[in-house]
Amino acid sequence: MSELSGYGDGTRSVRAGEDPAVPGAPLRPSPVFAAPFHLGDQPPNGAVDFYARTGQPTLRVFEDAVGELDGGRCLSFATGMAALTAAVLACARSGDRVVLPSDGYYATRLLAAEELTRFGIEVQYVPTPEIGRVAADGGLAGASMVLLETPSNPQLDVCDIAAVATAAHAAGALVAVDNTTATPLGQRPLALGADMTVGSDTKALTGHSDVLLGHVSVTDDALYARVKGFRDRTGGTPGPFEAWLGHRSMSTLDLRLARQAANAAAVVELLAGHPAVSNLRWPWRPEDPSFALASRQMLRPNGVVSLELADEAAVSRLLGASRLWAAATSFGGVHSTIDRRAQWGGDDVPAGFVRLSCGIEDTADLVADLRGALDRL
Ligand SMILES: Cc1ncc(COP(=O)(O)O)c(C=O)c1O
């Protein structure tokens, strides 16, 4: 049990990773910019830093903070994809079968198709809404790892982490969860039975659209050593500036998520009644297919919404008529953004499908801007 476990999300976001106060020390340590560190007259024995790819003080502070929120031990990576690659490749070997979401982040499927299969790893794709049934029917037999992404990006389907983890463990498979959309405050996969929780911290965890980061958190020490060894050898370690920026940014995670979720609730109300919108998805809308499971499994809502407009031209007109909603990929940042997913060619979605990421602007401003733009369609 960590020292912060009795506190609320705001307190934990600010205080995670911090050491006890020392008079004269800064409230938040400054980054230590070093690649090599001074050596003594003996080889380093693990007690001191010697080379920043394998360990450095600023990264440790950030990892302690993220691990605190995840309820595990964190290893930070230069990007979310570096973290996902480490989670899979630190554990899978040639001849293994890895189960992935067929509807998750498309670069994860590219990683599987272009890289994992080259190393003789078999990949089985299962849609997020179906993985619970596949697991219950024994469909994970012979798999070595199951990667879940819940809520899935971009269609926001949710699967039952605890149920899949139980079935996967019975089949002898490890379970990793891409927790990017939820963030460590929104869902705690390790407490639900997953072996690894993985995140693109480029998204809401850091939330200012100015840094790339990712992480893997685990509870098992042997698994930690395996992922750490993979990172040391393949070199996906973030530098001190990113680590410091990540720690500084996550202090406001609770506040940002609260505003993003409030904005999403208001935006969803507008969208639900608008004739130009179909297939609206937000897991915290009672009518949403994900609502029951999300309410049971997740700890709080966030600002990511998806929907369909008539076609590509309708999305262009919407963006052209809006002042506050920026066209940008990625999500979870302080700016409100719209991403037409079909333009990237990786998701099986119609041309007018968009993912909205509600930022932290004023709710009334965002709603008025979006209403005006929608009414012009
Ligand atoms: C769900 C999910 N996982 C992983 C990633 C990859 O993260 P990064 O862009 O930081 O490599 C993304 C990026 O969009 C994502 O949405």
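Predicted model: local features only at pLDDT ≥ 70, side-chain atom pairs only at ≥ 80, totals over all residues.
Visitor: Into which domains is the protein chain divided, and how far apart do their C-alpha centres lie?
Guide: The protein chain is divided into domain 1, residues 9-250, and domain 2, residues 253-375. The C-alpha centres of domain 1 and domain 2 are separated by 26 Å.

Visitor: How many residues of each domain are in contact with the other?
Guide: Contact here requires C-beta atoms within 7 Å. On that basis, 27 residues of domain 1 meet 30 residues of domain 2.

Visitor: On the side of domain 1 that touches domain 2, which element gives the largest share?
Guide: By class, the residues on this side of domain 1 are 12 nonpolar, 11 polar and four charged. The largest share, three residues, is given by helix 1 (residues 9-15).

Visitor: Which residues are in contact with Met145, leaving aside its neighbours within four places in sequence?
Guide: With its neighbours within four places in sequence left aside, the contacts of Met145 are Val88, Cys91, Ala92, Val98, Ala173, Leu174 and Ala176.

Visitor: Which element gives the largest share of the shell around the ligand?
Guide: The ligand is surrounded by 15 residues, the closest being Thr79, Gly80, Met81, Ser200 and Thr202. By class, the shell has five nonpolar, eight polar and two charged residues. Its largest share, three residues, comes from helix 3 (residues 80-89).

Visitor: Where are Pro151 and Pro154 found?
Guide: The peptide bond from Thr150 to Pro151 is cis, with omega near -5 degrees. Asn153 and Pro154 are also joined by a cis peptide bond, with omega about 15 degrees. Pro151 is in the loop between strand 4 (145-149) and helix 6 (161-170), and Pro154 is likewise in the loop between strand 4 and helix 6.

Visitor: Why does Asn279 count as partly exposed?
Guide: Asn279, in strand 8 (residues 278-281), has a positive phi near 45 degrees although it is not glycine. A residue is buried at 20 or more other C-beta atoms within 10 Å and exposed at 12 or fewer. Because Asn279 has 13 C-beta neighbours inside 10 Å, it counts as partly exposed.

Terms used. Residues numbered from 1 in each chain as written. Near = placed C-beta within 6 Å. Helix = DSSP H or I, 4+ residues; strand = E, 2+ residues; numbered from the N terminus. Nonpolar A, V, L, I, M, F, W, Y, C, P; charged D, E, K, R; others polar. Domains from an automatic or database assignment. Contact = placed C-beta atoms within 7 Å.
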